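Let's take a look at a protein model together. Have the sequence and the 3D view ready, and follow along.

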Amino acid sequence: MRLALVCYGGISLAVYMHGITKEIWRLARASRAFHEGEAPASGSQGVYHQLLAVMEKESGTRLRIMPDIIAGASAGGINGIFLAQAIETGQSLDPLTDMWLERADVEQLLDPDARPTRRFTKFWAQPLVWMAARRPGDTVERTVSPETREEVRRKLSSFIRSRWFEPPFGGEGLLAMLLDAFDAMAGAPCGPPLLPDGHPLDLFVTVTDFDGHPERLNLNSPPQVLETEHRLSISFQGRGRGERHFADPVELAFAARATSSFPGAFPPFTAREMDGVLLRRHRAWPGRDAFLRRILPRRAADGLADDAALIDGSVLANAPFAPAIGALRNRPARREVDRRFVYIDPKPGRRSIQLNRADKGGAPAGPGFLRTLLGAMSDIPREQPIRDNLEAIDRHSAQIRRMRRIIAALRPTIEADVEAAIGGMLFLDRPTTQRLSNWRAKAQQRAADAAGFAYPAYGHLKLSGIVEGLSRLVCGLGEEKGGGNREQVRRALWDHVRAIGADNLSGDLSPTSPPVLFFRLQDLAFRIRRLRFLARRLAETLEISSAADETAIEAVHDAIYAGLALYAECEGTAFYGEDVRAACRDALNDPAAAMAAVAAARDLRQRDQAADALLCDALRDLPKEDRRTMLFAYLGFPFYDIATLPLLQGEALDEYDPVKVDRISPDDCFAIRSGGAEATLKGIEFNNFGAFFSRAYRENDYLWGRLHGVERLLDIVISAMPAASRLPPDAVDGYRRKAFHAVLDEEEERLRHAADLIASLRREIG
């Protein structure tokens, strides 16, 4: 089960979301320990471990849970960043709990220059303080326990009497808090990474570029126009090879501070703020310039990246599904995959800032001046429904279902064609590197001939993908960030392709024809698709039912992924040397030289030979029938690719399973207490700033976050079992109660202000 997490914003409900993400982290730890044969841990992690063992025993479902895509905005962005760091490095999230409980308080968040220095500062604001916190029956009296009311009233008074017309909270204080949390995680005891070696982790954090940056749009007339773009996504990738180092904590803190600059509460964030904090800490940031060039390429090219004003990511993208959906294109499939998009919405149906919506008689009132402005500028953009995103996921799943049906229907015919192409079965059971190379060429020629009129369309789709990919690579290597020049480079590359006849896909397709020679030199994507298809075939056949020794199957698996690594290293710009970069800088004048330099650096023919050698060595130890199964898949891939690539519109899919969507929110949890956020959370008070006013509030929300996380994660994990062998309701209830009590036992000592709540919860849980 692979989890793509989408974490919404929620201001002080960040504390609640931390409880949920901490349960996701504990579930991933339990999964890793279960598959490594380790003894169950204590707490809710131990309950997850027991559940995974029962699932395997009852239904044969051996499930591993891997959170491998995380996207977040605002408060969700902060929690997503820390969760990604813990998953990739094996660090603990416990120090982050201390940060939220101890330091996410209005008295620490207020900027030192904004704090009222004496009781009568802004004496004219005293009536507002009384209205907010001193009226009989006010919010504090209604919602805060008696022993905490004075604390909340005092902090609310301080907050209201802080400076006006400037953000009350300090950006540097928040940044220091984030850096301290990363340092605390690094200094705490560390376990192993939570993803298998080689499995990628992608993190996306949305940010709003306040002033915006110009983007070129290509039109018919005029040829180009400039548009101001305010949306910004800061991404980090962990590729899990060798020592698992995710990112410089300074850069992660940069993203966390930027995405959480809630308008009006925190000042906009700039790189200069980070420079000042690091200077006072005597801390270096060696990758500063490269990082700013990566996330702010237009500003960096103009020398303006230092002063780019970045504000809360939820202003324009509170539900960042789009980058998470995009990351699906880069997920290698080693087993049958249950892909879940899990989005965490701490306040469904509630706006971030609420103004009075009723007239004096209680009837709904039309939007007034302030509500109209606030809704147009902030609330409406941030609260847009996610229907478009869910429809995109549904289309993706429909594509996968169609592709699986097509592949299953074509398999008998393709295997017969492969046998015919390589001259029967005489040497099929004894592959060598030379034979495998010859067989590949014959099978590809047979596939092209058999496709008939369909081949030119497929070939042009492949050709277009190659040239578009080369144009991106050439511009990146030539350090050209401008959209206008990239379009010119693309046209220059196409002119060269046409000049050499590589686009003549309706004519001669012999091994020495220009199109075939071009594909052999430049078609990196085809090689990667072929090996990932082979990995999928291994997972759905030999790894499920085979007489082969497990060591032999693992050797084939390792050979496939070692071959993938040979090709995958050519995808990034870091692979190429200065000679290639120099040729790419002159691509407008000499596109042929640029393309030749890239092809020479990749040397795909040599990599083909190396990949073939790896496969031959591994296949020799398989039984005859298993060896034939894998060879038919490898050699038959051109037939499958011709059938499926047009269906996918040129995009490769590495996961061949439909996507399911789950939500975690207070409104989805009923096992302990019904009523949603209003019945459980304190952070929703004061326009969702409530948890900043009391540690008791934060302890309440953090604890409910863990409990709601337990409830929903158990539901999601159990839903992976086949329906016929799914656990009965009373067994599910038993696991829930056990996990709930485990959480209360774990947190009872830490949450010193929640003793009454814990006692009440024990009675409610039973």
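Asp-603 sits in the loop between helix H24 (591-602) and helix H25 (604-619); helices here are DSSP runs of H or I with at least four residues, numbered from the N terminus. Asp-603 isn't a glycine, yet its phi is positive, at about 45°. Most residues other than glycine have a negative phi. Asp-603 counts as partly exposed because its relative accessibility is 37% (buried is under 20% relative accessible area, exposed over 50%, partly exposed in between, with a 1.4 Å probe and protein chains only).

His-282 is also not a glycine and has a positive phi, of about 55°. You'll find His-282 in the loop between helix H11 (271-280) and helix H12 (288-295). With 76% relative accessibility, His-282 counts as exposed.

## How the model was read

This is a predicted model: local features need pLDDT of at least 70, side-chain atom pairs count only at pLDDT 80 or more, and totals for chains, interfaces and linings use all residues. Residues are numbered from 1 along each chain as its sequence is written, and side-chain values use heavy atoms, leaving out hydrogens and water.

## A pair of helices

Now find helix H2 (residues 43-59) and helix H30 (residues 729-747): their axes come within 7 Å and cross at roughly 155°. Axes are lines fitted to C-alpha atoms, for helices over the stretch in contact, and angles run from 0 to 180 degrees between N-to-C directions. H2 and H30 are therefore roughly antiparallel (over 145 degrees).

Key. Helix = DSSP H or I, 4+ residues; strand = E, 2+ residues; numbered from the N terminus. Parallel < 35°, antiparallel > 145°, perpendicular 65-115°, else oblique.
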